[in-house]
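Please keep the sequence and the model in view while reading.

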Amino acid sequence: ILMVDEKGKNMKCLTFFLMLPETVKNRSKKSSKKGNSSGSSNSKLPPVCYEIITLKTKKKKKMAADIFPRKKPANTNTTAVQQYHQQNLNNNNTIPAPNWQGLYPTIRERNAVMFNNDLMADVHFVVGPPGGTQRLPGHKYVLAVGSSVFHAMFYGELAEDKDEIRIPDVEPAAFLAMLKYIYCDEIDLAADTVLATLYAAKKYIVPHLARACVNFLETSLSAKNACVLLSQSCLFEEPDLTQRCWEVIDAQAELALKSEGFCDIDFQTLESILRRETLNAKEIVVFEAALNWAEVECQRQELTATIENKRKVLGKALYLIRIPTMALDDFANGAAQSGILTLNETNDIFLWYTAAKKPELQFVSKPRKGLVPQRCHRFQSCAYRSNQWRYRGRCDSIQFAVDKRVFIAGFGLYGSSCGSAEYSAKIELKRQGVILGQNLSKYFSDGSSNTFPVWFEYPVQIEPDTFYTASVILDGNELSYFGQEGMTEVQCGKVTVQFQCSSDSTNGTGVQGGQIPELIFYA
């Protein structure tokens with residue numbers, strides 16, 4: 001038998017000498033006759049033998065994946081391959097056609113066929129809570145290779161030989177996502193199941209899948225889900241994710257507190273948020289968010305949402321709200337009339353605002369520090385001329401990118417060069433044409449060359465290594481200061497900001513000169 005490699009070169013030559021049964025029988029008779037005369041030494045038959053001749057080759061040993069790089073199967077097999085993948089997804093458990101192994105050139109692909117497949121399954125899992133279970137097949141060897149927990153379950157000293165294992169605390173979709181990673185080496189995550197998948201990955205100690213879940217959550221993190229993810233990150237002991245959640249909650253506190261997810265957090269997370277010194281929000285917003293949480297908590301505890309029950313579920317967390325630091329109008333029109341405070345508490349807080357001798361309060365009376373905004377100034381000098389900088393409804397725009405995630409709170413703008421004046425400013429922040437934030441406000445210019453801040457309603461989250469477009473349309477004094485000697489890159493603390501010209505700019509602003517001299521942000 002001559003063996004050749006994929007290029008037709010000789011690799012090994014095997015020579016076999018085979019003896020058929022009939023030949024062996026005839027030779028045995030002859031040998032017996034000879035044995036009577038020649039002795040027992042010649043009675044043994046020659047064995048079936050072979051010889052292997054290895055031909056010299058300079059090539060190294062290759063794995064199947066090297067010899068057969070991944071590519072689309074031939075047209076004749078495409079339908080069958082797709083059919084098996086869909087079959088695994090739906091758990092149809094149809095027995096594959098003969099020689100199905102030939103459809104897949106690598107062990108990885110052949111192993112993937114076994115995902116959610118009853119073929120050769122030696123264990124089954126009943127996954128999910130009562131009333132929502134799903135029976136899923138498994139293969140002990142594959143599972144043990146992918147998870148130390150499964151290895152201990154099936155091959156450890158205390159292994160139990162069960163054909164069916166119940167797992168009520170994991171969602172079926174999350175368990176399937178984990179099995180797909182173990183069998184197929186593929187990570188398939190979705191926003192509505194990623195937390196449950198992270199729980200499964202943590203439970204069965206699949207660290208790379210858990211890391212992928214955390215990365216997915218960090219990427220999709222926003223003010224709407226930051227409070228819920230904060231609660232979950234503490235539960236899963238993921239400090240990096242916890243820190244990211246705090247960054248979003250601090251910078252976009254009012255959005256986070258007004259989100260539906262805030263009402264879903266546990267009491268311990270509520271206390272940690274109310275204690276937060278760097279929370280960048282008005283205290284009346286914090287107060288209203290706490291009352292909304294209390295109402296939902298009453299429903300969870302099957303209590304009527306009365307004032308008494310709301311105060312009961314809030315407990316000592318009520319005193320973490322810094323009510324004495326509210327603006328007097330916010331307190332008088334909001335907290336004082338909410339009914340959540342006792343009459344004595346309301347009177348004492350009014351005295352705190354007005355009396356020289358202030359009463360002692362159970363509430364924290366020290367204002368929160370909040371966040372200190374940073375300013376990135378992109379011009380080295382500014383100037384004014386008799387024929388510049390004019391505004392007639394035209395847009396000044398510049399593009400920028402950062403190397404770290406930041407939150408843009410507003411822009412610093414130049415004002416009038418001809419004495420004091422008031423400007424109306426429409427500011428806008430876009431990414432690939434999509435508006436992320438905008439605001440229409442007024443600011444007063446005192447005639448100096450200073451910059452004047454104009455703020456968005458809420459800070460806008462900016463992802464690294466992506467260009468965003470900052471724009472402003474000004475209406476006011478025709479002549480103003482403008483920047484010159486602009487820089488394409490500015491280092492601001494630990495954040496590097498790059499600038500480039502924008503096609504939206506129709507009033508002359510660019511990298512070298514113009515308006516929008518400052519980006520105001522939290523980092």
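E485 is partly exposed, with a relative accessible area of 44%; buried means under 20% relative accessible area, exposed over 50%, and partly exposed in between (1.4 Å probe, protein chains only). The model is predicted, so local features need pLDDT of at least 70 and side-chain atom pairs count only at pLDDT 80 or more, whereas totals for chains, interfaces and linings use all residues. Residues are numbered from 1 along each chain as its sequence is written, and side-chain values use heavy atoms, with hydrogens and water left out.

**Positive phi angles**

- Most residues other than glycine have a negative phi.
- E485 has a positive phi near 55° and is placed in strand β15 (residues 482–486); helices (H or I, at least four residues) and strands (E, at least two) are DSSP runs, numbered from the N terminus.
- Q432 also has a positive phi, near 55°, and this residue lies in the loop between β11 (421–431) and β12 (434–445).
- With a relative accessibility of 72%, Q432 counts as exposed.
- E237, which follows helix α10, has a positive phi near 55°.

**Helix α10 and S233**

- In helix α10 (residues 226–236), the buried residues are A226, C227, L229, L230, S231, S233 and F236.
- The cover over these buried residues includes α8 (194–203), α9 (207–219), α11 (239–251), α12 (253–258) and α13 (267–275).
- S233 lies in α10 and counts as buried because its relative accessibility is 1%.
- Apart from neighbours within four places in sequence, S233 is in contact with E238, L241 and T242, where contact means heavy atoms within 4.5 Å.
- The side chains of S233 and T242 make a polar contact at 2.8 Å. A polar contact is a pair of N or O atoms within 3.5 Å; within protein, one must be able to donate a hydrogen and the other to accept it, and residues adjacent in sequence count only if both atoms are side-chain atoms.

**An open sheet**

- Strands of a sheet pair through backbone hydrogen bonds, either parallel or antiparallel.
- An open sheet of 3 strands has the order β5-β4-β6 and mixed pairing; two strands pair if DSSP finds at least two bridges between them.
- Its edge strands are β5 (134–138) and β6 (164–167), each of which pairs on one side only.
- Strand β4 (residues 123–127) pairs with β5 in the antiparallel sense over 5 bridges.
- V126 has R135 in β5 as its bridge partner.
- Helix α7 (residues 172–184) packs on the sheet and touches β4, β5 and β6, with its direction at about 10° to that of β5. Axes are lines fitted to C-alpha atoms, for helices over the stretch in contact, and angles run from 0 to 180 degrees between N-to-C directions.

**Nonpolar cores**

- The largest nonpolar core has 92 residues, and F125, F175 and I323 have the most contacts inside it. A nonpolar core is a set of buried Ala, Val, Leu, Ile, Met, Phe, Trp, Tyr and Cys residues joined through side-chain atoms within 4.5 Å.
- Helix α14 (residues 283–300) supplies the largest share of this core, 10 residues.
- A second, separate core of 36 residues includes A421, V460, V490 and V497.
- Beyond its neighbours within four places in sequence, F125 is in contact with residues including L136, F150, I165 and F175.

**Cysteines**

- A search of the whole structure finds 0 disulfides, a disulfide being a pair of cysteine sulfur atoms within 2.5 Å.
- C184 counts as buried at 6% relative accessibility, whereas C418 is partly exposed at 46%.
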